[in-house]
Amino acid sequence: MDNTSSICRHTPMHNPCLNCSPRNRSLYPTPDKFPFQASKNQEIIQMEENKGENSCLEQIPSPHEAIFFVLTYLPLYELLVMSQVCRSLRDAIDKDILPWMQLLVDRPLNFRISDDILLKTASKATGRLQVLALMNCVKITDEGLLRVVAQNSCINKLHVPSCTNLSAEGIITAVKFLTQTNPNLNSLRIDGIYGIKKQELKTLQELINPNLKSEPNQSKIFYHKKLPTLLHQETNHSIDVEVCPICDEVRMVFDCPRVCGKKCRGCDICIPRCKECGVCFNGVDELEEAACVDSLCLDCWLKLPKCSFCNKPYCNEHAGLQLRLAGSEGFVCDSCHSNHIL
């Protein structure tokens, strides 16, 4: 007789239980003959399972109090990543308002965030958002910006540089709402918004600073693209753009950081400047080309590391494009890597 069919799955193969053995199965009562005992056993099993689940919940430790001091310094991307680590960190980040009072959307999230995602993220501040900085967020529209502004009237810094899907009318409407409900709006960054006319710029200036004519702004802005827009507060300019004195267009106007004996005030299109230090080029001999097709002065060109093939440097803004060589401390630019190595 084959005994393999009589092996119990709940016991070792060499020791089947008596109830599962076909020889002795009829000698022992089945649970259906004692329904009260079966229900009692089921209740015991259920209590043990509930006890195990509760013990697991009690074992989840709460985050250390020091984590709340760190959260306010984390960028948005790292906050979102940390909230996916565990349930305790997720609850700590969602319930803390301080990290969400300054919303800075930068790379790599700026090309992914949409109007709905922005509204959901800004709602974590529960109406107490103070800084809204959207860096090159091309999917944000006028409607999405107005929805966020309508729920957060305490915004005192509105930075939307290079948000190409926004219009001048939408920005004016948002600024009007903020200045009517909150007169503390003191910083507006709209560089890269196309189609802004001089009359629209004048309207924005009057909304943010009504006393602009009686108190003219004499501070200077030096060309330095490496400075983050949110931290670019070394000047008293409430709006980052103005009318260029050369081309008469609404753009960012820069001053030359050196005294070169001529008027060097203008936008970066009218006056070519060094990508690193921002000085204007007095002559053609000073202009040097970088591997990222940016213009550098001779002093900055000499200080930067060069490509091993073409002897051209990357500016600090595009230093991440360097391709390292195996077994060497040097690097090659992307163009030389495509033409000579591949």
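## P245 and its loop

P245 sits in the loop between β5 and β6, where helices (H or I, at least four residues) and strands (E, at least two) are DSSP runs, numbered from the N terminus. P245 is exposed, with a relative accessible area of 55%. For that label, buried means under 20% relative accessible area, exposed means over 50%, and partly exposed is in between (1.4 Å probe, protein chains only). Residues up to four places away in sequence aside, P245 touches V253, R265 and G266, a contact being heavy atoms within 4.5 Å. R265 is 20 residues from P245 along the chain, and their C-alpha atoms are separated by 7.6 Å.

The loop between β5 (242–243) and β6 (250–251) also holds D248. D248 isn't a glycine, yet its phi is positive, about 60°. D248 is partly exposed, at a relative accessible area of 41%.

## What kind of model this is

A quick word on the ground rules: this is a predicted model, so local features need pLDDT of at least 70 and side-chain atom pairs count only at pLDDT 80 or more, while totals for chains, interfaces and linings use all residues. Residues are numbered from 1 along each chain as its sequence is written, and side-chain values use heavy atoms, with hydrogens and water left out.

## The protein overall

You'll find ten helices and ten strands in the protein. Of its 342 residues, 34% are buried. Take the contacts with a separation of 6 or more: 54% of them involve residues 24 or more positions apart.

The accessible surface comes to about 21,500 Å², and carbon and sulfur atoms own 53% of that. Those areas come from the Shrake-Rupley method with a 1.4 Å probe; for residues, only the protein chains shown count as cover.

L103 has L132 as its bridge partner in β2, and L104 stands opposite A133. To get from β1 to β2 the chain goes through helix α5 (residues 115–122), in a right-handed β-α-β crossover. Right-handed here means that, with the strands pointing away from the viewer, the path from the first strand over the helix to the second runs clockwise.

What covers β2: one face or both? Both faces are covered, with V131 and A133 buried on one side and L132 and L134 buried on the other. β2 also runs parallel to strand β3 (residues 157–159), joined by three bridges, and L132 stands opposite L158 there. β2, α6 and β3 make a right-handed β-α-β unit.

C137 is in the loop between β2 and α6 (142–151). At 0% relative accessibility, C137 counts as buried. Leaving aside neighbours within four places in sequence, C137 is in contact with V105, N110, I113, S162 and C163. C137 and V160 are 23 residues apart in sequence, and C-alpha to C-alpha they are 7.9 Å apart in space.

Most residues other than glycine have a negative phi, and most peptide bonds are trans. The R107 to P108 peptide bond is cis, with omega near 5°, and P108 belongs to the loop between β1 and α5.

N311 has a positive phi, near 60°, in a residue other than glycine. N311 is in the loop between α9 (298–303) and β9 (323–324). N311 is partly exposed, with a relative accessible area of 42%.

## Rings and charges

Two lysines sit over tryptophan rings. The charged end of K124 is over the ring of W100, 5.5 Å from its centre, and K306 lies over the face of W301, at 4.6 Å from the ring centre. The rule for this asks for NZ of Lys or CZ of Arg within 6 Å of the ring centre and within 35 degrees of the ring normal.

As for ring against ring, the count comes to one aromatic pair. Rings of Phe, Tyr and Trp (its six-membered ring) pair if their centres lie within 6.5 Å; planes under 30 degrees apart count as stacked, over 60 as edge-to-face and the rest as tilted.

Key. Two strands pair if DSSP finds at least two bridges between them.
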